[in-house]
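This report describes one protein chain for a reader who has not seen it before. Please look over the sequence and the structure before reading on.

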Amino acid sequence: MTALFWFRRDLRLDDNHGLYRALTRFERVVPVFIYDSQILGKLDNCSDSRLKLIDEALDDLDQKLAGNGTSILRLYGDPALLIPQAALQLGALTVITNADYEPYARERDQRIHDQLGKLNIPFERYKDHVIFHESEITKADGLPYVVYTPYSRAWKTRLTPADYQLFPSQSFIGRLSRATNTEQLPVVPNSLSCGMEPATAVIQGTTEAAQRMLDRFRTRLSSYGSNRDFPAKNGVSFLSPYLRFGQVSIRECVRMALSSKSDGAQKWLNELIWRDFYSQILWHFPQSATQSFNPAYRNLNFPSDETLFSAWCDGRTGFPLVDAAMRQLNQTGWMHNRLRMVTASFLVKDLLVDWRWGETYFASKLLDFDLASNNGGWQWAASTGCDAQPWFRIFNPVTQSEKFDPDGSFIRKYVPELAAVPPKWIHQPWTLTPVDQHTFNCRIGSDYPAPIVDHSEQRQKALTLFQSARQ
């Protein structure tokens, strides 16, 4: 008996829930991955680092499977057409995959379910990307939680070892089998054959690279709580891209967090719960993907000046921490979580640009882009989402800089124009005298831009904007 296993956001062989179910029930399992033309066709940049990670991950899996004489069948096209076609052509009795919760994925999977149903081929989806999904965690009245703290309490109360158990799929990979009779299928070797262009990535896409990152973080886990907000420190896990594409299992992360009683481990567990929280928010409220979760703020009249937005994108706002963060994103495809909040708040409440512009820009750049988390984080900072930062609380980019990068180490790394500026002035370099600007080789308005807005003035405008929307 043959089954088809569809790899998606789970590019690993071990502790893979859906793969485990397939391998333990079927004598022969054909692995497939699809470069989704519906997604690739919407990319702004044909040279996308995320595709580099995917290609590396698939090459890594193929190398691991080579000893068994098999490899992953890679296809290019519309999965809603290809999955039924492949199932028929390969003689699969069942198609198995792990669940995806984004609006497009849900619509796509429903089409596949319906098409396979006409062929009498079951389409099975398993929970693998999160610990709790869909409606597993709800209030007593059955309604979804929209505030994180009670959700996290319910999450922890509900949690049992079965929720983070290991699925030893690696033990059965001998049942994975190379696809035959593929002549009529659009087989491709990698993303370059799908019209994409070569790209680079600052991390490797292999499961070994993900495991090394996890192991290194294990040694720092106890200090996570005290170091996580300081971008110049090696304080966070850096695992988000690997969780996004599945080179590391969320269950393994939870097992690691629960293995320690340290404050850092508990704080990291809370961050993992945020990930589940935002996923279930998107599941219950898919409209939040394109509009403000809070109806009161769906008609905010943002000026959304394109020149200001462009300066923010390029890291040329004149506010050093904001600029350093944006340059980190542009250069590496990643941004420290504290800085995601700072830059988002600055765009929405200092520059008065619609949060969706910033969310879309992050989506185009982040290696770890996940719609639920990205949308949830942006709406939190913009005060338009569920359990969001209060609309009247506005980050001051200077005080954030002074507090979380006190000696300017992070700023200097990404804003070399300010390399010689002492900590006393690096957070507000526009206060340097002309003589000091010459001394520190940083002429404001020439070497480094003057602030493009006045924070105090923009803060008042933001408050007025939100007050008007609330009336």
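## Burial and surface

A residue is called buried when its relative accessible area is under 20%, exposed when that area is over 50%, and partly exposed in between. The model described here is predicted. Of the 471 residues in the protein chain, 57% are buried.

The accessible surface of the protein chain is about 19,600 Å². Carbon and sulfur atoms account for 50% of that surface.

## Overall form

The protein chain contains 21 helices and 5 strands. Along the principal axes, its C-alpha atoms fill a box of roughly 80 × 50 × 45 Å.

## Charge

The protein chain carries 52 positive and 51 negative side chains. The centres of these two sets lie 4 Å apart.

## Q458 in helix α21

Helix α21 covers residues 455-470, and Q458 is found in this helix. Is Q458 buried or exposed? Its relative accessibility is 7%, and because buried means under 20%, Q458 counts as buried.

Leaving aside neighbours within four places in sequence, Q458 is in contact with K349, D350, L351, L352 and V453. For D350 there is a further detail: its backbone oxygen lies 2.6 Å from a polar atom of the Q458 side chain.

Most residues other than glycine have a negative phi. Two residues of this chain are described here with that in mind.

N181 is a residue other than glycine, yet its phi is positive, near 60°. N181 lies in the loop between α6 (148-158) and α7 (207-218). With a relative accessibility of 43%, N181 counts as partly exposed.

F238 is not a glycine either, and its phi is positive at about 60°. Where is F238 placed? F238 is in the loop between α8 (224-227) and α9 (240-245). The relative accessibility of F238 is 25%, so F238 counts as partly exposed.

Notes:
Residues are numbered from 1 along each chain as its sequence is written. This is a predicted model: local features need pLDDT of at least 70, side-chain atom pairs count only at pLDDT 80 or more; totals for chains, interfaces and linings use all residues. Side-chain values use heavy atoms; hydrogens and water are left out. Helices (H or I, at least four residues) and strands (E, at least two) are DSSP runs, numbered from the N terminus. Buried means under 20% relative accessible area, exposed over 50%, partly exposed in between (1.4 Å probe, protein chains only). Accessible areas come from the Shrake-Rupley method with a 1.4 Å probe; for residues, only the protein chains shown count as cover. Lys and Arg count as positive and Asp and Glu as negative; His and the chain ends are not counted. The place of a charge is taken as NZ of Lys, CZ of Arg, CG of Asp or CD of Glu. A polar contact is a pair of N or O atoms within 3.5 Å; within protein, one must be able to donate a hydrogen and the other to accept it, and residues adjacent in sequence count only if both atoms are side-chain atoms. Contact means heavy atoms within 4.5 Å.
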